[in-house]
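Have the sequence and the 3D view open while you read this. We'll stop at a few spots and look at who sits next to whom.

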Amino acid sequence: MKLAQFKPKGSDKQRLGVLLGDVVCDVAELAHAVKTSGKEVADWLLEVNSSLNVINRAGAGLRELKALLNGEGSPSGRSTVSAFSVDSIEFLPATYPSKILAIGRNYIDHAIEGGAEPPKAPLLFNKLPNSLSAHNAPIVLPAISQQVDYEAELAVVIGRKAKRVSEADALDYVFGYSLIDDVSARDLQFGDGQWTRGKSLDTFAPLGPFITTRDEVADVQSLKIEGILNGKVMQSSDTAKMIFKVAYLISYLSQGITLEPGDVIATGTPEGVGIFRKPPVLLKAGDVFEVKIEKLGTLRNPVIGAEK
């Protein structure tokens, strides 16, 4: 199942959508259609408008949502429900996490291209909530940086409270997976001596367009991942090449940081980032950067100049 937060173009009303074939349908509308047909529907689905509405209900919420879409819960009158093409809606961030925890140098070749030793433990930093953005939303080049770079990454969305969980049980705490671009102001990142500012400027964390639920991904450590700039593949790797795997990261982080439903872990980027190319290839106004991950889809963002 692929879920998205969106607004129809021209509307300010946030909705929760589910991808059915090649169209996005409003989950609340589907619930009303089912109820009108005489079938039972969980009451909360009639008003649902965010991915957190589902995530916060843990397994029960996902089961009730699945019942809406297939089996006994399939609406006989689905033709009465609005179906939006993906080009006709404004995507919002796939979720609104309480925190975005990110992992640096988690692919050996990326560490090497930057002249660093592969880390012996996960290298943790955070991206602040103001950096959160969405599919198709512009990455805004800030006036305070001249070296803005791209980083294609797999995002893990936590499904239930995780505190001191074991590596063996860690994936049970995952709701699903998404795509994130860890946009980075390299001059600030390297100049500050720590990474918070360079990683957390406005629009520097596009997330989406969908959350793909965990049951749709048989092996999260076997997904092709690409970063594509203006149609040219700049990064091409596989999540199998992560130094610290998803289950280990969840367990490691949860030993001292409680992970809450909806929290996002950005799991690191493979080699091919712009700053380490010769000559460097940095984002400029007019560029389009895409993160593409097998089974999850494509996150696309245009780049625009600094606001005056």
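Start with S133, which touches P93, P138, T203, A205, P206 and L207, leaving out residues up to four places away in sequence; touching, or contact, means heavy atoms within 4.5 Å. S133 sits in strand β8, residues 132–133. Helices (H or I, at least four residues) and strands (E, at least two) are DSSP runs, numbered from the N terminus. Is S133 buried or exposed? S133 counts as buried because its relative accessibility is 8%, and buried means under 20% relative accessible area, exposed over 50%, and partly exposed in between (1.4 Å probe, protein chains only).

A quick word on where this comes from: the model is predicted, so local features need pLDDT of at least 70 and side-chain atom pairs count only at pLDDT 80 or more, while totals for chains, interfaces and linings use all residues. Residues are numbered from 1 along each chain as its sequence is written, and side-chain values use heavy atoms, with hydrogens and water left out.

Now hop over to Q14, in the loop between β1 (2–8) and β2 (15–20). With a relative accessible area of 21%, Q14 is partly exposed. Its contacts, again not counting residues up to four places away in sequence, include F6, L92 and Y96. N49 is also one of the residues that Q14 touches. Those two are 35 residues apart in sequence, yet their C-alpha atoms are 6.2 Å apart in space.

| Side-chain atom | Backbone atom | Distance |
|---|---|---|
| Q14, polar atom | N49, oxygen | 2.9 Å |
| D26, oxygen | A28, nitrogen | 2.9 Å |

Helix α1 covers residues 27–36, and its buried residues are V27, A28, L30, A31, A33 and V34. What do they pack against? Their partners are β2, β3 (23–26) and α3 (58–69). After α1 comes G38, with a positive phi near 100°.

Last stop: an open sheet of five strands, ordered β9-β20-β19-β16-β17, with mixed pairing. Its edge strands, β9 (139–140) and β17 (232–238), each pair on one side only; two strands pair if DSSP finds at least two bridges between them. β16 (residues 224–229) and β17 run antiparallel, joined by six bridges. Across from K232 in β17 you'll find L229.

Technical notes:
Polar contact = N/O pair within 3.5 Å; in protein donor to acceptor, adjacent residues only side chain to side chain.
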